[in-house]
Amino acid sequence: MSWFGSNKTAVEALVDGHYAALYRYAYRLSGATQAAEDLTQEVFLQAQKMLHQLRDPANAKSWLFTILRNAYLHRVRAEKSTRFVSLDGVAEVADRGNAPVPIVDSAQLQAALNQLPEVFRTPVILYYFEDFSYKDIAEQMNVPLGTVMSRLARAKMVLRQSLTEHAEVTTTTAHGEGI
Amino acid sequence: MDCQDARLLLAFSDRPSEKLDPAEIQPLQHHLEACPDCALAAERQQAVRGFDLAIGSAMRDVPIPIGQPAMLKQQLFGERPVLWKRWSVASAAAALIFALTASGVYYVNRPTVVTTNDLLTWPQQGIASNAEDVDSFLEKQGLNVRSPRVFDYSLLRSVEIVEFQKRRVAKLTFIANDEKVSASVLVLPHRQFDAPNQDIQANLSIRIINEDGYTYAIYYQGRLDGLLRVLN
């Protein structure tokens, strides 16, 4: 038994209420539909086993997102083959805040996300989902609030640069073809 | 308010989920008016707001695979889809009804077990014990007639409905136990037949009896005396 009545009812409610958000999160983290499906499925299988740990249904979403991230990290550690760009120099790069806003394509965004190390990618994904506060993100990642804000600032800057450069390349190519 | 606090509040201010306390908004506003660096940071933050909106929109643009949640539930609870379940229940019910119907039809139409003894004793068994039983049987067949009362019905071997003069009539067959004397009787109601009333010569093996509004035409084999054994 649990807060919904039976475990089955509770897990069904979790699937109905959070499947879509978890799948989107899994997709943005992993960058692949099959991995996203597998991760989302794994989350609910684990949730079914550990349902007794969820005392307050209001925390269900954060709880499930945390399970998903842990499952993802477990997989990534097992694979150990992913290479990411270094963000060491990002802080020194001037943010081009006055640049025109490019049209952001979902696939381009994923390509840019795939270049970010997970510790930067996770907060930026959760940030743009807009359902999570900085505090929520910090708790999910188990890091201080300041660390979250610092990583977010750098990750957002990298994303903006990446997407702006892509837009510039596209524009230049289009102009070049026209000449 | 110092610059560190101002930058922190600025970071929170562009988040829908991080509403600033009204008590913090005015001090932040005063600080931005007095501090050119923080004002520039606020301006830059405002400038990238469009970026954030575009990235946020693209971030959430992930199509959800159709049917995945339902399949996941099946896996979690070891159930088949509701649609499958409905079909399976309907199919099972249909199969059960079919099986019961087929069994019933077979039961009704199943071959009757007949022993050799049944076959050997049948000719000795009477069909009806009296004329009233025969009348009742014929009435159920739609033939309202009166069978002849002069016969020993323990010797009755068959009751048939045959066509005579394009009309349905009853034909009763009596056989004596020694098989040497037999008689077939046609039952002809006077309301349907105007049969001859005179006696027929004895050597023609046919005898006519008129009784109670009926003509009984009796075709017999064997000696007349033997026939008398049949007749009461």
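Let's start with what covers the buried residues of helix 2 of chain B: the cover includes helix 1 and helix 3 (36-47) of chain B, where a contact is heavy atoms within 4.5 Å. Helices here are DSSP runs of H or I with at least four residues, strands are runs of E with at least two, and both are numbered from the N terminus.

A quick word on ground rules. This is a predicted model, so to speak of local features we need pLDDT of at least 70, and side-chain atom pairs count only at pLDDT 80 or more, while totals for chains, interfaces and linings use all residues. Residues are numbered from 1 along each chain as its sequence is written, chains are lettered from A and ligands numbered from 1 in the order in which they are written, and side-chain values use heavy atoms, with hydrogens and water left out.

Back to helix 2 of chain B, residues 22-34. Its buried residues are Leu28(B), His31(B) and Leu32(B); buried means under 20% relative accessible area, exposed means over 50%, and partly exposed is in between, with a 1.4 Å probe and protein chains only. Looking down the axis of helix 2 of chain B, these buried residues fall within an arc of 95°, so they line one face of the helix. That arc is taken over the directions from the helix axis to the C-beta atoms. The face turned away from the buried side carries the exposed residues Pro22(B), Ala23(B), Gln26(B), Glu33(B) and Ala34(B).

Now, the interface. How many residues does each chain bring to the contact? Chain B gives 33 residues and chain A gives 46 residues. Together, chain B and chain A bury about 3600 Å², 67% of it on carbon and sulfur atoms; buried area is the accessible area (1.4 Å probe) that two parts lose on being put together, summed over both.

As for polar pairing, 10 residue pairs are in polar contact across the interface of chain B and chain A, both partners at pLDDT 80 or more. A polar contact is a pair of N or O atoms within 3.5 Å; within protein, one must be able to donate a hydrogen and the other to accept it, and residues adjacent in sequence count only if both atoms are side-chain atoms. On the side of chain B that touches chain A, helix 1 (3-13), helix 4 (49-59) and helix 5 (68-77) of chain B each supply at least two residues. Helix 4 of chain B has the largest share, 9 residues.

On to salt bridges, meaning a side-chain nitrogen of Lys or Arg within 4 Å of a carboxyl oxygen of Asp or Glu. The structure holds 10 of them over all chains, and 3 lie across the interface of chain B and chain A.

One of those joins Asp52(B) and Arg160(A), at 3.6 Å, N to O. This pair crosses between chains, from helix 4 of chain B to helix 7 (residues 145-178) of chain A. Asp52(B) is buried at 2% relative accessibility, and Arg160(A) is buried at 6%.

Within chain A, Arg69(A) and Glu118(A) meet at 2.7 Å, N to O. Arg69(A) sits in helix 3 (residues 60-79) of chain A and Glu118(A) in helix 5 (residues 118-129) of chain A, so the pair ties together parts 49 residues apart in sequence. Buried or exposed, Arg69(A)? Arg69(A) counts as buried, at 8% relative accessibility, and Glu118(A) is buried too, at 10%.
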